[in-house]
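Let's take a walk through a protein together.

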Amino acid sequence: MMSFLERFFEDPYYQREEPRRPEELDDPDLIISPDTRRENRLPPGQTRTRKWPVLDAHGTPRIDLASWTLEVGGLVARPLRWTLAEFMGLPSVRVYADFHCVTRWSRLGNIWTGVATREIAQRVGIKPEARFVLVEGYDHGWTTNLPLDYFLAEDSLFAWAHDGRPIPPEHGGPVRLIVPQLYAWKSAKWVKRVTFLERDQAGFWEEGGYHMRGNPWVGPDGERFRWQDGG
């Protein structure tokens with residue numbers, strides 16, 4: 001039996017069970033990230049964690065939920081902005097996905113709830129020349145870049161809940177981007193603005209040498225750094 005102190009200090013995000021295989025999930029509305037179907041769900045150089053570590057560049061920003069907005073612009077037909085109430089009223093999806101941090105830990109078997117990136121893209125009308133996305137967070141203008149096709153993958157979403165709970169501030173709440181098929185730094189916390197671009201533009205970590213794409217499954221150790229491509 002768990003002691004009183006163990007219950008008091010229990011980590012609500014600690015995974016006590018093994019991650020479920022996609023075929024074990026009896027939920028026809030759940031979007032299954034394709035990487036969860038791999039025989040070995042750990043990319044090269046990764047180790048599974050049962051916790052949910054907190055990592056960021058500047059610490060958790062203070063965000064006034066009453067004034068929070070998500071702006072989408074750039075190469076779009078209809079630049080739009082949503083308040084939190086408006087955003088929460090958009091059609092939602094649920095995604096079963098793994099989460100791989102470039103610092104070599106992976107958290108397997110997450111269920112994210114939020115608004116599909118495809119939903120947002122459809123509403124703003126992406127122009128044909130758009131090829132990349134730049135995402136800005138509320139944390140001191142932090143940015144990250146990613147190719148449009150990863151941003152628009154079926155399993156990509158702007159998430160406001162994780163495993164049935166609202167995403168807490170330290171993990172990127174009220175809303176964060178989730179792009180399961182890339183390393184987790186591309187899944188920007190505290191999303192503030194999304195800009196569609198014709199040409200790639202390095203973000204915060206990319207300027208410091210992180211990979212411009214960041215696919216954890218490419219090569220013998222994933223796409224962690226820009227020098228891996230000779231650039």
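We will look at the sheet and then at the nonpolar cores. Keep in mind as you go that this is a predicted model.

Start with the sheet. Five strands make it up, and it is open, with the order β4-β3-β12-β7-β8 and mixed pairing. Which strands stand at the edges? They are β4 (80-83) and β8 (143-147); each has a single partner strand, so one side of each is left without a neighbour in the sheet. Going from one strand to the next, the twist averages 15°.

Now zoom in on β7 and β8. These two strands run antiparallel and are joined by 5 bridges. To find one of them, look for Val-135, whose bridge partner in β8 is Thr-144. A helix belongs in this picture too: α3 packs on the sheet and touches β3, β4 and β12. The direction of α3 makes about 130° with that of β4.

In soluble globular proteins, nonpolar side chains tend to be buried together. Here the largest nonpolar core has 28 residues, and the members that touch the most others are Phe-87, Phe-151, Phe-158, Val-194 and Phe-196. At least two residues of this core come from each of β3 (69-74), α2 (84-88), α3 (117-124), β7 (132-137), α4 (148-151) and β12 (191-197). Apart from this core lies another, of 14 residues, including Trp-105 and Trp-112.

To finish, pick out Phe-196. Beyond its neighbours within four places in sequence, Phe-196 is in contact with residues including Val-72, Val-124, Phe-132, Leu-148 and Phe-151.

Terms used
Residues are numbered from 1 along each chain as its sequence is written. This is a predicted model: local features need pLDDT of at least 70, side-chain atom pairs count only at pLDDT 80 or more; totals for chains, interfaces and linings use all residues. Side-chain values use heavy atoms; hydrogens and water are left out. A nonpolar core is a set of buried Ala, Val, Leu, Ile, Met, Phe, Trp, Tyr and Cys residues joined through side-chain atoms within 4.5 Å. Buried means under 20% relative accessible area, exposed over 50%, partly exposed in between (1.4 Å probe, protein chains only). Helices (H or I, at least four residues) and strands (E, at least two) are DSSP runs, numbered from the N terminus. Contact means heavy atoms within 4.5 Å. Two strands pair if DSSP finds at least two bridges between them. Axes are lines fitted to C-alpha atoms, for helices over the stretch in contact, and angles run from 0 to 180 degrees between N-to-C directions.
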